[in-house]
Amino acid sequence: MLAPAYQKLKDNLSKSIDSKRILDNPLQTLAYGTDASFYRLIPKIVILAHNETEVIEIIQQAKLLDIALTFRAAGTSLSGQAISDSVLVVATHGWKNFELLENNQKIKLEPGIVGARANTFLAPHGLKIGPDPASIGAAMIGGIVANNASGMCCGTAQNSYQTIADIRIVLNDGTILDTANQDSVAAFKNNQKGLIQEIESLRDTIKNDETLYHFIKNKFKIKNTTGYSINALVDYQDPIEIIKHLMVGSEGTLAFISNVTFKTVIDEKYKSCSLIIFNTIQDACNATILLKSSPVAAVELLDRESIRSVEFDPDAPTYFKTLPESACALLVECRDNELEVIHQKQEQIRLQIQSIPTYTDYKFTSDPKQYYFNWKARKGLLPTVGGLRKNGTSVIIEDVAFPLPQLADACLALKDLFKKYEYHDAVLFGHALEGNLHFVFSQDFSNQTEVDRYEKLMAELADLVVNQFNGSLKAEHGTGRNMAPFVEKEWGTKAYEIMKRIKNIFDPHNKINPDVLINPDPKAHLKNLKPMPESHLIVDKCMECGFCEPHCVSEGLTLSPRQRIVIAREISRLEETNEDPTRLAEIQKDVTYQLDETCATDGLCALACPVNIDTGKFVKTWRANELKSGDKKVAAYIGSHMAETTSILRVGLKMVSFFHSIFGTKIMTALSNCSHFISFGKIPKWIPEMPKGAHKINTKN
């Protein structure tokens with residue numbers, strides 16, 4: 001039962017939006033409300049919006065009723081940016097349009113387009129979008145912009161902030177700003193004079209405070225996505241340019257993004273890489289400093305634990321197993337459109353780091369098998385921890401950044417911190433060229449002792465990054481809920497007050513994705529933690545990342561593989577705890593159709609799954625368990641009497657063929673259609689009514 005305000009919102013929106021796309025049943029709100037993070041909030045209503053007109057109507061109606069909204073696309077966000085306990089507006093289907101502009105130098109994209117899909121539009125022209133997050137095969141443009149995504153080969157020069165050309169947004173009152181349209185810009189300046197003045201005031205406040213101005217400049221010399229992109233206030237003078245760039249990395253807390261135009265970048269034809277093993281992390285980091293001025297496309301660091309995770313791969317060199325505990329690897333990539341030039345780059349790289357000893361000789365390769373293994377060793381780190389973790393635990397991945405000269409010491413300090421709190425499965429890796437480190441470990445949130453351990457780790461981590469190394473608490477994954485309590489710690493009171501003013505300018509009533517990025521609760525990162533109950537051996541390792549969704553034929557019709565697993569887990573949890581029998585009954589009422597009957601069980605989801613989960617195989621097991629005893633007996637009998645069964649079927653087919661030869665195709669087709677309609681309780685109009693007293697046909701399914 002919806003609360004009165006939410007029921008009124010649903011009733012009002014149903015006048016202009018198909019009610020089938022306004023969801024409030026327990027199964028669908030849970031399924032659509034899940035993202036890739038370790039947080040869980042269940043929305044009251046999920047709205048599958050198909051166009052901007054619908055979004056404006058949703059915004060205006062919600063504002064009248066003082067109801068909070070959260071916008072999302074794919075939900076691959078790792079820090080809880082895409083969840084809500086109010087109204088979740090999903091912009092995926094219906095948001096797939098794109099347009100190549102200015103001789104392919106720009107591409108306009110709607111928020112529901114997967115990043116990798118955008119690159120397929122550009123590939124024939126030797127181009128791509130700048131951001132290249134590891135989740136690009138599942139993450140959608142809306143989230144890529146909202147989280148200021150960067151990635152392995154783009155650094156900061158080609159991240160979302162640097163490559164955005166234009167944006168179209170809808171503000172909290174339904175106002176549209178399209179920065180690519182001069183009429184829209186002129187109307188916005190005329191109708192939103194107060195907002196423009198606020199932005200100009202913020203800009204001038206910072207520029208008149210020399211200390212704050214240079215502090216912000218220095219903070220963005222390394223990768224930084226902690227809080228809002230307040231570098232926009234020092235990088236630009238024009239308030240429209242400032243607004244455009246403030247939207248990047250705003251995590252859906254300021255406005256809805258209807259489309260974005262990126263400046264495209266070159267996708268080089270030739271690529272080669274080398275996995276270079278160094279004796280120590282210090283050597284690897286010193287080599288990275290030297291490589292900063294060499295023609296590299298990427299430099300990825302892998303610590304000893306990372307290398308250990310792939311040492312039993314059939315394609316791994318045998319010496320991986322004998323590497324010393326101090327060893328560290330750099331995956332170095334170079335690219336070019338000319339084969340001769342790429343060879344020259346390889347030699348330049350060798351000369352640049354020749355003063356630093358390596359554990360083994362190394363060479364660059366473009367051989368597909370070896371090239372693929374080298375990158376698999378890097379990209380496979382998240383699934384390695386995810387697949388090996390204990391059932392019932394969550395995968396935590398965070399990313400920080402340090403000034404490059406301090407990277408080696410920071411690596412060792414992080415390792416000591418994980419050792420102190422006994423996170424023995426933690427692996428350390430990242431975009432070394434930018435001083436950007438990721439760490440992945442498993443975390444049990446099922447009891448207070450474990451939550452307390454995590455709280456202590458995060459507190460010391462924040463102190464280490466900010467006070468000891470003057471680094472960034474977030475470098476590319478967005479602030480989210482996990483780092484929101486630490487934003488002021490990193491930025492200080494003055495800059496944090498600027499960020500609070502930004503939020504207030506665009507969302508004065510805190511109704512657009514509240515409690516994300518700006519959150520005064522110092523323990524917000526320890527609340528609304530996602531339960532991860534055991535459900536079935538096949539799916540228990542699922543991280544709910546959503547990488548499977550673009551490959552699922554039923555996604556959008558009913559549930560995706562991720563959503564099927566979420567529902568199965570919740571059923572297991574509710575059955576075990578018996579905490580809400582009514583809710584369990586509601587979920588079970590719809591589960592057969594949503595989870596089972598509409599799954600193709602083709603296994604395509606497993607191809608994209610980081611931990612190789614075949615949800616189709618799980619659904620087959622689910623079906624087997626749901627079969628009634630009588631059905632199982634029939635199936636068992638047929639299975640053990642296949643010869644007799646096929647013989648009977650053969651006779652039946654011959655009879656059909658016989659009648660077909662007599663009546664012809666038209667009559668047989670009509671009879672077939674009649675049979676189909678009757679089986680679904682519908683009598684076609686062309687069948688005459690039966691006379692009174694005639695035998696009644698049972699038309700119930």
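**Close-up views of a predicted model**

**View 1. Packing of helices α7 and α8.** Helix α7 (residues 182-191) packs against helix α8 (residues 193-207) at an angle of about 90°, and their axes are 5 Å apart. That angle makes α7 roughly perpendicular to α8. On the α7 side, the residues that meet α8 are Phe188, Lys189, Asn190 and Asn191. Their counterparts in α8 are Lys193, Leu195 and Ile196. As in the views that follow, the coordinates come from a predicted model.

**View 2. The open sheet of six strands.** The strands of this open sheet are arranged in the order β12-β14-β13-β16-β17-β15, and their pairing is antiparallel. At the edges are β12 (270-278) and β15 (394-401), each of which pairs on one side only. From one strand to the next, the twist averages 20°. Helix α12 (residues 281-291) packs on the sheet and touches β12, β13 (298-303) and β14 (328-336). The direction of α12 makes about 20° with that of β14.

**View 3. Strands β15 and β17 with helix α17.** Eight bridges join β15 to strand β17 (residues 436-443), and the two strands pair in the antiparallel sense. Ile397 has Val440 in β17 as its bridge partner. Helix α17 (residues 407-420) lies across β13, β15, β16 (427-431) and β17. Relative to β17, helix α17 runs at about 10°.

**View 4. The largest nonpolar core.** This core has 61 residues, and Leu330 and Phe402 are those with the most contacts inside it. Helix α18 (residues 448-468) gives the most to the core, contributing nine residues. Beyond its neighbours within four places in sequence, Phe402 is in contact with residues including Ile222, Leu407, Ala410, Leu414 and Leu437. Also among the contacts of Phe402 are Glu434, Gly435, Leu464, Val465, Phe469 and Gly471. Another core, of 56 residues, lies apart from the largest one; among its members are Leu122, Ala139, Val145 and Leu202.

View 5. Thr70 lies in strand β3 (residues 69-72). Is this residue buried or exposed, given a relative accessible area of 1%? Thr70 is buried, because buried means under 20% relative accessible area. The side chains of Thr70 and Asn513 are joined by a polar contact of 3.1 Å. Leaving aside neighbours within four places in sequence, Thr70 is in contact with Asn513 and also with Gln81, Ala82, Ile83, Ser84, Val87, Leu88 and Val89.

Notes
Residues numbered from 1 in each chain as written. Predicted model: local features only at pLDDT ≥ 70, side-chain atom pairs only at ≥ 80, totals over all residues. Heavy atoms only, no water. Core = buried A, V, L, I, M, F, W, Y, C linked by side-chain atoms within 4.5 Å. Buried < 20%, exposed > 50% of the residue type's maximum accessible area, 1.4 Å probe, protein only. Helix = DSSP H or I, 4+ residues; strand = E, 2+ residues; numbered from the N terminus. Contact = heavy atoms within 4.5 Å. Pairing = 2+ DSSP bridges. Axes fitted to C-alpha atoms, helices over the stretch in contact; angles between N-to-C directions. Polar contact = N/O pair within 3.5 Å; in protein donor to acceptor, adjacent residues only side chain to side chain. Parallel < 35°, antiparallel > 145°, perpendicular 65-115°, else oblique.
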